[in-house]
Amino acid sequence: MVRNASGHRKDARLPKAEKALSESYDPELMDDKCSDFSVPQSDQAVLPDNSVDADETVVPPSVDGGSSQISGRPARMQLSSFGDDEQLASEFPAGWTLRRFQDVLKGALNEFILTRLMNETVRRIRDLVADCPCEADEVGVVAMRLALDSNDATQKDVVGLLQGLRSAGVLDGAALVRSFEKLFCAWEDIAIDTPQAPEILLRMLHGCVESGVVGQALLMKLPENLLNAGLTKASPEVSRMLTGVASQLKKFKRAVNSSLEEYFVALNVAEVETFLRELEMDAFHHEFVKRVIVLSFSQNNVEAGRDAALTLLSQLTSAGVLTKDDLQWGLTRLLGQLEDLALDCPQSNELATVFCCALVEEELVSVPFLRRCRQLRIGGVTGVRVLDATQRRTPEFSKKHLGSAEFKNELQTMILEYFNSGDKVEFGRCVSEMAPLAPGQSAELVRKVMTLAMERSSAERALGQTLLSWLCRHEELAPAAVEIGFNELYVRMPDLTLDVPNAREMAQAFVVEAKGSGVLRQDWNEPSG
């Protein structure tokens with residue numbers, strides 16, 4: 001039986017599972033005067049009825065304050081409250097690091113706490129996020145971490161600042177959702193140093209919902225342990241908002257546990273689908289996803305349990321019962337609870353890694369989403385280890401979403417290995433794994449092959465010429481990308497000749513060979529200037 005990187009079967013998975021089962025770092029965070037930051041009534045989010053009955057089902061709007069998504073497309077292609085893959089895949093520009101970003105951000109926030117100059121702070125953070133859009137979610141995390149260690153007035157001002165940043169378009173709903181989820185997953189660690197963190201976090205969430213910073217549906221994503229801890233000392237208005245949510249979550253989890261215990265015996269997906277549709281508690285489906293994964297860890301035959309769990313998630317997603325949001329929130333909650341799971345299941349980290357690999361391979365979650373979880377350090381040290389291991393074990397997927405620095409390193413490794421082996425087919429396979437390459441990446445590949453070859457012997461130069469021709473013949477490189485690569489080579493020639501004095505003569509040999517093999521158009525000329 002052939003297995004993929006995650007070790008699960010992709011063919012005839014349910015029958016096999018049925019047979020086997022029957023046998024059985026978070027960093028230290030953060031000329032108008034601030035007022036109460038009140039919002040016109042027409043702009044306020046509609047809050048849950050204060051008299052929500054414990055048995056009444058709450059159906060929320062979208063998490064980030066936008067419109068709810070409609071299912072029907074593959075999970076990785078659907079909309080998500082966490083943001084689309086293009087947003088999630090963004091990375092630091094040259095010269096920036098997380099530490100530098102945090103230092104600049106803390107400076108702006110600390111000055112805001114002292115001066116309460118709203119417009120100036122919004123301007124400074126707007127400029128910072130414009131330079132590093134990949135870290136928009138870190139703004140919310142750092143700001144709220146700062147507020148957790150401050151007084152009530154500062155906490156209200158920080159909520160007002162988030163409202164100002166949202167209104168000014170500096171932060172969008174998805175970035176703020178990611179900020180809150182980071183704090184939701186890390187609240188127990190935060191509470192070690194800040195015991196009042198649960199009630200403060202709930203109070204700030206209440207303020208953000210009231211002012212329209214985030215959507216009401218985010219209330220339904222609160223972890224049960226955070227609700228329990230925070231509501232014991234919550235203010236009356238927070239209690240009114242969240243008591244109904246807490247009771248509904250308990251009701252949902254009880255019902256789900258019973259249904260899933262039956263599923264892992266009978267393996268009847270249709271029954272589970274009917275159960276979830278009739279339950280009509282879609283807002284809590286992320287808890288279902290997490291529970292499916294966790295229960296698969298405790299089956300007598302873990303491999304069969306994993307196959308059965310994947311079958312269930314995949315078919316429910318195809319049927320539109322589960323959404324991309326459900327899968328993503330379920331996975332972040334799993335990552336956030338790995339340390340607790342390890343107390344009862346010492347193999348939980350490895351099992352979570354294998355399951356994450358399978359979710360990527362089944363295209364239920366995307367590589368950019370997992371990388372964003374890693375960037376936010378969801379699950380702390382343990383979560384990061386699982387995410388790193390997942391990336392290493394799914395190279396055929398992860399390579400398609402390499403960051404700029406990662407792409408450069410991977411490309412150099414590929415070229416040097418090719419010079420050692422001369423295996424064009426293997427190099428082409430590696431290029432295919434990264435496809436589709438952006439035009440700039442294809443051009444960089446062309447330039448890098450020639451540059452690294454020039455730094456070596458005539459044998460490597462011949463291999464480089466052969467490789468470029470082969471890649472074009474097999475349509476791994478487009479003629480336009482080849483031309484751009486040659487242009488960039490000559491633009492960088494002054495620097496290159498400092499290390500390789502005869503680089504221009506070597507480059508001319510590449511030009512002659514490329515034109516002779518039809519890789520480069522005959523009338524191409526070295527760029528002037």
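1. The largest cavity of this predicted model has a volume of about 50 Å³. Its lining consists of Phe82, Leu88, Arg178, Glu181, Thr332, Phe369, Arg372, Cys373, Leu376 and Ile378. Two helices, helix 7 (173–193) and helix 17 (367–375), each contribute at least two residues to that lining. Of the elements involved, helix 17 gives the most, with three residues.

2. The buried positions in helix 17 are Val367, Pro368, Phe369, Leu370, Arg371, Arg372 and Cys373.

3. Just after helix 17, the backbone takes a positive phi of about 60° at Arg377. The residue lies in the loop between helix 17 and helix 18 (380–393), and the positive value occurs in a residue other than glycine. Is Arg377 buried or exposed? Its relative accessibility is 4%, under the 20% limit, so Arg377 counts as buried.

4. Although Glu280 is not a glycine, its phi is positive, at about 55°. Glu280 is placed in the loop between helix 11 (269–279) and helix 12 (285–297). With a relative accessible area of 54%, above the 50% limit, Glu280 is classed as exposed, whereas Arg377 is buried.

5. Phe369 also belongs to an aromatic cluster, which it forms with Phe82 and Trp329. Why does Gln328 count as buried? Its relative accessibility is 1%, and anything under 20% is assigned to that class.

6. The structure holds 10 aromatic pairs. One of them joins Tyr263 and Phe264 in an edge-to-face arrangement, with 5.4 Å centre to centre and 75° between the planes. Both partners are buried: Tyr263 has a relative accessibility of 2%, and Phe264 has one of 5%. The rings of Tyr418 and Phe427 have centres 5.9 Å apart and planes at 65°; because that angle is over 60°, this pair too is edge-to-face. Tyr418 and Phe427 are likewise buried.

7. A ring is also involved in an arrangement with a charge. The charged end of Arg100 sits over the ring of Trp96, at 3.7 Å from the ring centre.

8. The largest nonpolar core comprises 119 residues, and those with the most contacts inside it are Ile125, Phe288 and Leu313. What surrounds Phe288? Setting aside neighbours within four places in sequence, Phe288 is in contact with Phe252, Val256, Leu260, Val272, Leu276, Leu312, Leu313, Leu316 and Leu322. Another core, of 40 residues, lies apart from the largest one and includes Cys430, Ala453, Leu489 and Val519.

9. Val321 is a loop residue, located between helix 13 (302–318) and helix 14 (324–336). A relative accessible area of 8% places Val321 in the buried class. Not counting residues up to four places away in sequence, Val321 touches Glu273, Leu276, Arg277, His285, Leu316 and Asp326. Of these contacts, Leu276 and Leu316 are also among the residues that Phe288 contacts. Val321 and Asp282 are 39 residues apart along the chain, with their C-alpha atoms separated by 8.2 Å.

10. Ala217 is another loop residue, found between helix 8 (197–210) and helix 9 (224–231). Its relative accessible area is 3%, and Ala217 is therefore buried. How far apart are Ala217 and Ala283 in sequence and in space? They are separated by 66 residues in sequence and by 7.4 Å from C-alpha to C-alpha.

Note on methods: Residues numbered from 1 in each chain as written. Predicted model: local features only at pLDDT ≥ 70, side-chain atom pairs only at ≥ 80, totals over all residues. Heavy atoms only, no water. Phe/Tyr/Trp six-rings, centres within 6.5 Å; stacked < 30°, edge-to-face > 60°. Buried < 20%, exposed > 50% of the residue type's maximum accessible area, 1.4 Å probe, protein only. Lys NZ or Arg CZ within 6 Å of the ring centre and 35° of its normal. Core = buried A, V, L, I, M, F, W, Y, C linked by side-chain atoms within 4.5 Å. Contact = heavy atoms within 4.5 Å. Helix = DSSP H or I, 4+ residues; strand = E, 2+ residues; numbered from the N terminus. 1 Å grid on protein atoms, 1.4 Å probe; cavity = no way out; pocket = protein on both sides within 12 Å on 5 of 7 lines; lining within 4 Å. Points joined across faces, edges and corners; volume = space filled by probe spheres on them.
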